[in-house]
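I opened this notebook to record what I looked up in one structure.

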Amino acid sequence: MKIGFIGAGNMAKAIIDGWVARKTIDTKDILIHSAHRNNYESYANRMGIKAYGTNSDLVRDADIIFMAVKPFILASVIDEIKEVVTEKKLIISMASGVSLAEINDCFGDNKEIPTIRIMPNVNVEINEGMTAFVRNKFVSDIIYEQIKSLFDDLGRTLEMPEKDFSIFVALAGSSPAYVYYFIDAMARSGVKYGLTKKEATEIAAQAVLGSAQKVLVGTKSPMDMVDEVCSPGGTTIAGLLAMEEAGFLTAVVKGIDATVLKDQATH
Ligand SMILES: NC(=O)C1=CN([C@@H]2O[C@H](COP(=O)(O)OP(=O)(O)OC[C@H]3O[C@@H](n4cnc5c(N)ncnc54)[C@H](OP(=O)(O)O)[C@@H]3O)[C@@H](O)[C@H]2O)C=CC1
Ligand SMILES: O=C(O)[C@@H]1CCC=N1
């Protein structure tokens with residue numbers, strides 16, 4: 001089974017790096033092409049991946065084709081490859097805001113191309129990703145399960161109706177950036193009080209990691225855990241109320257709203 005990547009950017013590399021770390025796929029079975037030769041060739045040489053000179057040549061040799069390009073160029077890339085995409089190939093798109101129906105329309109001529117839409121996040125690189133899946137009716141159960149199991153090696157996976165993809169983008173696809181930003185804000189506060197940025201970042205990141213793990217393994221709600229940390233008359237409740245006065249909850253919800261709206265505007 002040959003797996004081709006059109007695009008060699010952040011997401012393609014995160015997925016491939018995650019598979020390499022787990023030895024999920026032999027790099028000899030991965031093919032790659034992107035816009036700039038110096039980018040995809042140097043990455044391919046470093047990883048032992050086969051580099052292709054054109055998208056169409058890659059598609060001819062691949063069984064599965066990941067579309068790892070920005071949403072606004074997806075249609076032009078499909079236009080470039082559609083002559084060589086047969087109904088025996090599997091297309092996997094990770095483009096935010098582009099539906100299965102829109103992808104199908106790009107192939108035209110009523111072609112029945114098996115297509116899976118995924119929404120991964122960058123944490124697949126360290127096998128701690130969160131990836132949503134949905135497929136069109138041309139993807140068999142066997143193939144779908146095979147692809148999902150490849151992503152099980154990269155973290156958690158979830159099958160979702162397409163209508164929920166925009167909120168998934170906000171909560172999982174984009175949210176690593178929001179969490180990194182939160183960690184950086186905490187670290188900066190540490191610097192304000194005389195810690196080095198390095199030590200403050202490590203302290204903040206470990207606190208976030210442990211808190212997230214406790215949410216995932218626990219039976220309590222996050223709000224119950226908030227209450228457990230807030231000692232009566234203590235430091236935490238003082239800090240929490242000051243954050244809330246500055247609009248913490250509203251800021252987060254507004255950020256998620258803006259992400260959802262942006263994703264929906266891509267349709
Ligand atoms: N970044 C993220 O955290 C996430 C991204 N996504 C989705 O993943 C997709 C890729 O995003 P991301 O990796 O961040 O983007 P990048 O900008 O990092 O990568 C885009 C890639 O597309 C390549 N490219 C551009 N034009 C062409 C073309 N005509 N033919 C072949 N390759 C081309 C670029 O080539 P070159 O490098 O040579 O210039 C680059 O490697 C997007 O659709 C995005 O919505 C989904 C979830 C999370
Ligand atoms: O910012 C973006 O558009 C992409 C989609 C999810 C994460 N990054």
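The entries below go from the whole chain to the sheet, the annotated positions and the ligands.

**Entry 1: the chain as a whole.** I note at the outset that this is a predicted model. I counted the secondary structure and found twelve helices and eight strands in the protein chain. I then took the extent along the principal axes, where the C-alpha atoms of the protein chain fill a box of roughly 70 × 40 × 30 Å. Of the 267 residues, 32% count as buried. I also looked up the contacts with a separation of 6 or more, and 68% of them join residues 24 or more positions apart.

**Entry 2: the sheet.** In which order do the eight strands of the open sheet lie? I read the order as S3-S2-S1-S4-S5-S6-S7-S8, with mixed pairing. The edge strands are S3 (50–51) and S8 (155–159), and each of these pairs on one side only. I followed the pairing of S3 with strand S2 (residues 30–33), which is parallel and runs over two bridges. In this pair, I found Ile32 opposite Ala51 of S3.

**Entry 3: helices on the sheet.** I next asked what H5 touches, and recorded that H5 packs on the sheet with contacts to S5, S6 (115–119) and S7 (129–135). The direction of H5 makes about 135° with that of S6. Helix H7 (residues 165–173) lies across S6 and S7, and I noted an angle of about 45° between H7 and S6.

**Entry 4: the annotated domain.** I consulted UniProt, where an unreviewed entry carries the annotation "domain: Pyrroline-5-carboxylate reductase catalytic N-terminal" for residues 2–96. For this span I noted 44% helix and 19% strand, with the end C-alpha atoms 24 Å apart.

Entry 5: The unreviewed UniProt entry lists Asn55 under "binding site". I located Asn55 in helix H3 (residues 55–61). Is Asn55 buried or exposed? I classed Asn55 as buried because it has 22 C-beta neighbours inside 10 Å, and 20 or more is the cut-off. Leaving aside residues up to four places away in sequence, I found that Asn55 touches Ile6, His33, Val77, Glu80 and Ile81.

**Entry 6: Ala95.** I placed Ala95 in the loop between strand S5 (90–93) and helix H5 (100–107). Ala95 has 24 C-beta neighbours inside 10 Å and therefore counts as buried. Not counting residues up to four places away in sequence, I recorded that Ala95 touches Met67, Pro71 and Leu74. I also looked up Ala95 against Lys82: the two are 13 residues apart in sequence, with their C-alpha atoms 17 Å apart in space.

**Entry 7: ligand 1.** Which of the 28 residues around ligand 1 come nearest? I listed Gly7, Gly9, Met11, Ser34 and His36. The elements that give two or more residues to this shell are helix H1 (10–22), helix H2 (37–47) and helix H4 (71–81). By residue class, I recorded 16 nonpolar, eleven polar and one charged in the shell around ligand 1.

**Entry 8: ligand 2.** Which residues are around ligand 2? I found Ser96, Val169, Gly173 and Ser174. The shell around ligand 2 divides into one nonpolar and three polar residues, and I noted no charged residue there.

Technical notes. Residues are numbered from 1 along each chain as its sequence is written. Chains are lettered from A and ligands numbered from 1 in the order in which they are written. This is a predicted model: local features need pLDDT of at least 70, side-chain atom pairs count only at pLDDT 80 or more; totals for chains, interfaces and linings use all residues. A residue is near a molecule or strand if its C-beta atom, placed from the backbone, lies within 6 Å of it. Helices (H or I, at least four residues) and strands (E, at least two) are DSSP runs, numbered from the N terminus. Ala, Val, Leu, Ile, Met, Phe, Trp, Tyr, Cys and Pro count as nonpolar, Asp, Glu, Lys and Arg as charged, and the others, Gly among them, as polar. UniProt positions are given in the numbering used here, feature names are shortened, and annotations may be inferred rather than shown by experiment. A residue is buried if 20 or more other C-beta atoms lie within 10 Å of its own, exposed if 12 or fewer, and partly exposed in between; C-beta atoms are placed from the backbone. Two residues are in contact if their C-beta atoms, placed from the backbone, lie within 7 Å. Two strands pair if DSSP finds at least two bridges between them. Axes are lines fitted to C-alpha atoms, for helices over the stretch in contact, and angles run from 0 to 180 degrees between N-to-C directions.
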